[in-house]
Amino acid sequence: MSCHGTALGGLLLLLVGLAVGCEHKSAGSTAKPAPAATVSNPPKEDQLNTVELNPKSEQRLGIVTQAMEKRAMPRMRMYGGEVVLPTGASIIVSAPLAGFLQSPKTDKGGIPGVGELVRRGQPIYELVPGISEKQQSILSPVDRLNLEMAQANLAQSRNDADAQVEQTSETLRLAKLELERAERLEKSGAATLQRLDAAKSAFILAEKAYDAAARRKKIWDKIQLDEQTGSFKPLVIEAPQDGIIRVEHAKVGEGVAAGALLFELMNASVVWVKIPIYVGELADIATDQPARISGLEDRLGLHAASAPPVSAPPSALPLSSTADLYYAVQNGDGHLRPGQKVAANLALAEERESLVVPSSAVVTDINGGTWVYENVGEHKFSRRRVEVKYVVNTESVLARGPAVGAKIVTAGAAELFGTEFFVSK
């Protein structure tokens with residue numbers, strides 16, 4: 001009995017111990033460890049970009065809202081373009097007569113250098129026909145004889161030029177009378193269109209002949225003789241247009257032949273932008289609409305210049321299956337250079353409905369992200385991310401943005417942006 005009682009007591013003690021251990025384990029499992037940190041009033045995710053103003057601040061910032069709308073807008077597509085010179089923008093000036101070049105007698109002194117801006121009528125060179133001034137002072141008898149012959153030739157050339165002007169002037173007068181007669185007869189039905197076309201052609205040819213004779217006479221009239229020395233006076237070679245000296249083909253003191261190239265003058269006040277288009281997309285382009293030309297850094301065209309299309313000689317590149325379109329850009333300040341690459345947004349023929357907001361509603365962050373502010377409550381404005389596809393005049397077309405009907409801040413968006421980041425007060 002004693003052994004049986006001892007065993008029973010031990011079993012009871014074991015059961016009591018197990019029960020106590022399970023009770024302690026259960027109590028320990030329900031207890032939570034203390035947090036490492038606590039945040040009071042944590043902000044909600046949809047309120048991170050929300051600005052709340054008092055009525056006075058909203059009035060002072062000049063906040064104006066407008067409902068987001070979706071409407072048909074001209075579609076734009078961006079291409080790469082190259083700045084080129086228009087036809088006739090570069091003029092090459094040649095020597096009208098054989099002679100020696102010297103610096104023009106101007107206040108600036110010397111001839112303009114390459115890259116220098118010159119004005120129309122500005123002296124570039126002085127051309128001394130025949131021989132230079134230094135050589136004229138040490139003339140041999142043979143040279144004197146040649147000079148006298150040159151003087152006689154000059155007088156004869158002037159007489160020939162005058163006679164040619166008179167002859168072409170009379171021819172032009174008769175051609176004009178014949179054209180007027182042919183027009184009257186054609187209107188009355190007494191003459192054929194063939195006769196009228198022949199009269200027009202004769203008048204055009206006579207007009208061109210007269211212009212050429214007048215230019216030739218003007219050149220010979222500029223050549224003068226110095227009565228004291230018996231030498232030719234220098235002929236001033238002037239710039240035919242405003243522009244930049246692009247190339248100089250001759251130097252001061254150099255002898256040149258008649259027709260020799262002297263300099264090339266480039267006028268880049270208006271430039272063309274050549275845009276190669278894949279031939280399969282030509283039908284999509286509204287070729288009668290102006291392009292928006294901007295720098296490569298301005299992909300959205302926020303600072304683009306409007307460039308009307310121009311009629312240029314057709315050109316294409318078979319290897320890339322592209323054809324070229326040309327647009328004219330005003331370049332009075334010279335910010336565009338021939339050969340420069342630019343971005344060109346071209347209008348497409350088909351319009352589609354898109355989300356549209358005024359460009360004044362869009363703000364850009366430091367990383368280039370674009371945003372608008374939506375009025376989400378009384379005096380509350382939330383910043384929403386948008387994706388601008390392109391800009392048309394003063395409106396931005398969005399690829400994505402707030403829903404149609406959302407109240408978007410169109411005036412005061414930049415001030416709200418500064419207020420949110422503590423830039424303004």
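What pLDDT does the chain average, and what share of the residues score at least 70?

## Confidence

This is a predicted model. Its chain averages a pLDDT of 77, and 76% of the residues score at least 70.

Over residues 132-139, pLDDT stays under 50. The model has twelve contacts beyond four places in sequence for this segment. Where pLDDT is low, the predicted coordinates should not be read in detail.

## Nonpolar cores

The largest nonpolar core has 22 residues. Those touching the most other members are Ile275, Ile277, Ile285, Ile293, Tyr327, Val329 and Leu346. At least two residues of this core come from each of strand 4 (76-84), strand 15 (270-278), strand 16 (291-294), strand 19 (322-330) and strand 20 (341-347). Strand 15 gives the most, with four residues.

Beyond its neighbours within four places in sequence, Ile275 is in contact with Tyr79, Gly80, Gly81, Ala323, Asp324, Leu325, Tyr327, Ala344 and Leu346. In soluble globular proteins, nonpolar side chains tend to be buried together.

## Aromatic pairs and a charge over a ring

There are two aromatic pairs in the structure. In the pair of Tyr125 and Phe263, the ring centres are 6.1 Å apart and the planes are at 40°, so this pair is tilted. Tyr125 belongs to strand 8 (residues 123-129) and Phe263 to strand 14 (residues 261-266); with 138 residues separating them, the pair links distant parts of the chain. Both Tyr125 and Phe263 are buried.

Elsewhere, Arg383 lies over the face of Trp371, at 4.3 Å from the ring centre.

How values were computed:
Residues numbered from 1 in each chain as written. Predicted model: local features only at pLDDT ≥ 70, side-chain atom pairs only at ≥ 80, totals over all residues. Heavy atoms only, no water. Core = buried A, V, L, I, M, F, W, Y, C linked by side-chain atoms within 4.5 Å. Buried < 20%, exposed > 50% of the residue type's maximum accessible area, 1.4 Å probe, protein only. Contact = heavy atoms within 4.5 Å. pLDDT = per-residue confidence, 0-100. Phe/Tyr/Trp six-rings, centres within 6.5 Å; stacked < 30°, edge-to-face > 60°. Lys NZ or Arg CZ within 6 Å of the ring centre and 35° of its normal.
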